[in-house]
Amino acid sequence: MTSVQSRAGEELTLTRAPRASAQHVDKTYPLWFHLPGGIVYIVLFIVPTLFSFYFAFTRWTLFKSTFIGFENFVLFFNEPGLIGSLKNTLIYGFLTSGAKVALGMVLAVVLSMPIIARGYLRSVTFFPVLVSAVGVGLTFQVLLDPYNGVVNKLITSVTGSDGPGWLTDPNIALLSVAGIDIWKGVGLATLIYIAGIAAIPNEYFEAARVDGASSWQMFRHIILPLSFPATSTVIILSLIGGLRSFDLIWTTTQGGPGFASDVIASVVYKQYQAGFYGLSTAGNVILFVVVAAIIYPLSRWLNSKETVL
Amino acid sequence: MNAIRKRTAWLVGLLGILVTTLLFLTPFAFIFTQAAKDKNEASLLQFSWPTHFQLWDNIVAVFQARDYMLVIAFINSTILTVASVALLVILGSLIAFTLDRRKSKLNPLINTFVLAGLIIPPAVVPTIWVMQSLGIFKTMIGLILIEVAFGLSFTVLTMRAFVATIPKELDEAAIVDGAGPLTLFFRVIFPLLRSVIVTIIVVQSIFIFNDFQNPLYFLPGNANATVQLTLFNFQSQYATSYNLLFANILVITIPMLVLYIFFQRQIVAGMTSGAVKG
């Protein structure tokens, strides 16, 4: 563009061209286009996040805050009910994420095969993703009722003995909620994997078929490595979702029985309800640190592996 | 060879239908049958066909409960979803467009913000504190802006990849024809974004309509209830009306299932963006 202009009016354009193009960019793509969205985002997301690092160190009533140093954090790490939520958050996050990766992969491979009723099967696996966490939570609360629930009635009629108290037994409540989460979320993982598998060029499969590769070899040496971008997306998305999870836990167990299935996000809500705003914010900061400390290195590592492939 | 493959196709398909129906459809069937029972039968929590099929009566009862709270909630949820999604689409596409076209020194910072928005869990009480000082806590406008702030990262990320595929020559042609930046964006670029806009609309509508946490924190109170919060109407420690509870679940789930049936392709496109790189 500039070279054409400089031929038309040599002296002028030689000196003015760079400024003119900067002006041109400024006029065509003004920076204020960032502003409307940017203001909402900064005011309601960045600012509260930054302030959380101050208020986490205070005793806070929303109107008045007193700086108390690390007291909130000391309390958090000494109170069994609170520190347990940290452990539960990690168990919940890694369990749901791992299961979604594995099951999503298996389902996607099956649903990528030329089988009958493929469209129907894909839709059905995805349906739970569309239901709200509240709806799913309340439905499973009823299905898993220890005495009258459908699941335990089935267990009793098959084995003759009583089924477990899925959501009422402190030892398995968290695992049960994780199971419900997997049920609800595996459709999304499957969908992402299906897209990843569909993006693999057909030549690979043809070449492998010519070489007489078995289905297992095709899975192991073509699908598994070449759908890696999908795998890393599923890992990151489900891990972020799992570590931050609140809705489903709150609508099934409310963190109970006792503190057995409390995660950090539910502790943040409980402390907020109780009026301990400083402590609640400290929980938020801990959750932030946990999520960032896991996701940041993990996504860098996954990205580096991706570029190697 | 071919016959064998055909047989596996049938076998795996049938097995798949069996397993997925059992695992994924049974809970839906359970919701439906419970929603059609009378109160006593529903309280048995059994998975059986209702002896008195009264789905319609239950749905009417659910809408009438607590002075038509569900009707109000549907209005609230609709306002919330439509307004936040509209804002997300316009503000998000403006950012995505400028971010792609203009290589400014701000870009690294903006990219960091976008990723931060995907990862960082929002700090609840400080957000309430900021909203209170702005006078938008416990207001619908406040909640709309919250949904915009929390959904912006995903929107920008999805849209930017799409903007990059629109040739720059179009911009230049429009500028030569004397278009200003606003005309260029809204008359030339925005219409070309249609397919990604539909994707964002559908995906974000599902997120926001189904959202429980943000309305719980930032718009509490029965007068402002969104549909997700109405589910707790029929649950009490002593006398939960299970038929109405499940009728309520059914009523608030159907809009999203209908949306999926109509916009299946766009939902798939939106949810899987990022899975296929390069």
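# Burial and shape of chain A

Of the 309 residues of chain A, 42% count as buried, a residue being buried if 20 or more other C-beta atoms, placed from the backbone, lie within 10 Å of its own. This is a predicted model, in which local features need pLDDT of at least 70, side-chain atom pairs count only at pLDDT 80 or more, and totals for chains, interfaces and linings use all residues. Residues are numbered from 1 along each chain as its sequence is written, while chains are lettered from A in the order in which they are written.

Chain A has 15 helices and two strands; helices (H or I, at least four residues) and strands (E, at least two) are DSSP runs, numbered from the N terminus. The radius of gyration of chain A is 27 Å, well over the 19 Å that the globule rule gives for 309 residues, so chain A is more spread out than a compact globule. The radius is taken over C-alpha atoms, and the rule is 2.2 Å times the number of residues to the power 0.38. The C-alpha trace of chain A spans about 95 × 70 × 30 Å along its principal axes.

# Chain B

Chain B has 12 helices and zero strands. Its radius of gyration is 24 Å, well over the 19 Å that the globule rule gives for 278 residues, so chain B too is more spread out than a compact globule. Along the principal axes, the C-alpha trace of chain B spans about 70 × 70 × 35 Å. Among the 278 residues of chain B, 44% are buried.

# Where the chains meet

The contact between the chains takes 71 residues from chain A and 72 residues from chain B; two residues are in contact if their C-beta atoms, placed from the backbone, lie within 7 Å. On the side of chain B that touches chain A, α1(B) gives the most, with 13 residues. This side divides into 53 nonpolar, 15 polar and four charged residues. Here Ala, Val, Leu, Ile, Met, Phe, Trp, Tyr, Cys and Pro count as nonpolar, Asp, Glu, Lys and Arg as charged, and the others, Gly among them, as polar.

# One helix pair across the contact

The axes of helix α3 (residues 35-55) of chain A and α6(B) come within 9 Å and cross at roughly 100°. That makes α3(A) roughly perpendicular to α6(B), a term for angles of 65 to 115 degrees. The residues that make the contact include A:Tyr41 and A:Phe45 of α3(A) and B:Phe150 of α6(B). By class, this contact has 10 nonpolar, one polar and no charged residues.

How values were computed. Buried ≥ 20, exposed ≤ 12 C-beta atoms within 10 Å, placed from the backbone. Axes fitted to C-alpha atoms, helices over the stretch in contact; angles between N-to-C directions. Parallel < 35°, antiparallel > 145°, perpendicular 65-115°, else oblique.
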